[in-house]
Amino acid sequence: MSDKMILQYLKKAQMTHELNQNELTALLSDTTIDDTLAAAADQVRLKYVGNSIHLRGLIEFSNICRQNCMYCGLRRDNPHIERYRLTPSEIVKLAEKARRYGYKTVVLQSGEDMYFSANILAEIIKQIKKMDMAVTLSIGERSYEEYELLKKAGADRYLLRIETTSKKLYEALDPAMSFNNRKSCLFNLRKLGYEVGTGCLVGLPGQTIESLAQDILFFKQLDADMIGIGPLIPNQDTPLAKAAKGDFTLTRRMVSLIRLLLPEANIPATTAMETLKTDARIIILQSGANVVMPNVTEGDYRRKYALYPGKICVADTPAQCRSCIGGKIKSIGRYVAADKGFRQHQPRLT
């Protein structure tokens, strides 16, 4: 495809925030426009969400999971992982410490550990909400009634990555799981009034550029409030141990295009990116992203939450992580937001 046509697509995305699948595929396939694409996304980021960066404290409270996803180190049939489960009081204490570090949001993340019933989680949420914090849940697939109970308890956001919008690929890599149910969960969360987060993995075996383009169009259809994009990092304790790593530049292109098509969305610079490239989070923050989720889990639990190998900062304390990311944000002329980071539904010039 000609350079002129590629630039026309890019200008269209920047001005109208609309592209079709063929146009997205062309931009995702072009290896010469990474910096130009990132610069365009960064301009849209500045226009719509400004220079603030939202920090969300991540509490990884259980690595026990009932699912058996082929790419995930927490998968049910992984015999090598050291399993753990925090108590409700431990979770609340970590949230209290996160509040003292200055976080306005905590993200409660786990495998699909069914010990944590909706009732147990609701009590945890209620205690955290007393601290005047926003609560994001990332706990997988639950029923509509459970989502409703958690929302009534005070949960504000829910992260549930679609991983891929290719039904065939999804059901091959997520055994005994239903692609249609995954989609239903996301639309149920939307119906219940959550801020809905989703996202995909880049580099899954059998994934195509066309399916990645379709992923972006799905995020737009859902009108996702937050979209997290990460590269596949093969885990030696999974069936995808010998798969190739996801490509950093393609993942970066995805982030930039998502910013162009969903200009108001909150887009994190994911920790997994830094497994592929030093200072990747800073690069991604300059390519359209506006959120970072530092880990506030303490001690050896950070290592044991082994989604993928090479996870950064597992030996750091939450205080060290907060100080480190704060310094990096300042180094690029941005600042840590003082609010809870809810999506802004109108353009906001800075």
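Histidine 54 stands opposite valine 291, a residue of β8. The model is predicted. Strand β1 spans residues 52-55 and pairs with β8 in the parallel sense, over 2 bridges. Helix α14, residues 318-331, packs on this sheet. The helix touches β1, β8 and β9. Its direction makes about 165 degrees with that of β1.

The sheet is open and has 3 strands. Their order is β8-β1-β9, and the pairing is parallel. The edges are held by β8 (291-292) and β9 (335-336). Each edge strand has a single partner, so one of its sides is left without a neighbour in the sheet.

Arginine 281 lies in helix α12, which covers residues 280-285. The relative accessible area of arginine 281 is 7%; the residue is therefore buried, as the cut-off is under 20%.

Alanine 38 belongs to helix α3, residues 34-49. This residue is buried too, because its relative accessible area is 2%. Beyond its neighbours within four places in sequence, alanine 38 is in contact with Arg252, Ser256, Gln286 and Ser287. Arginine 252 is 214 residues apart from alanine 38 along the chain.

Key: Residues are numbered from 1 along each chain as its sequence is written. This is a predicted model: local features need pLDDT of at least 70, side-chain atom pairs count only at pLDDT 80 or more; totals for chains, interfaces and linings use all residues. Side-chain values use heavy atoms; hydrogens and water are left out. Helices (H or I, at least four residues) and strands (E, at least two) are DSSP runs, numbered from the N terminus. Buried means under 20% relative accessible area, exposed over 50%, partly exposed in between (1.4 Å probe, protein chains only). Contact means heavy atoms within 4.5 Å. Two strands pair if DSSP finds at least two bridges between them. Axes are lines fitted to C-alpha atoms, for helices over the stretch in contact, and angles run from 0 to 180 degrees between N-to-C directions.
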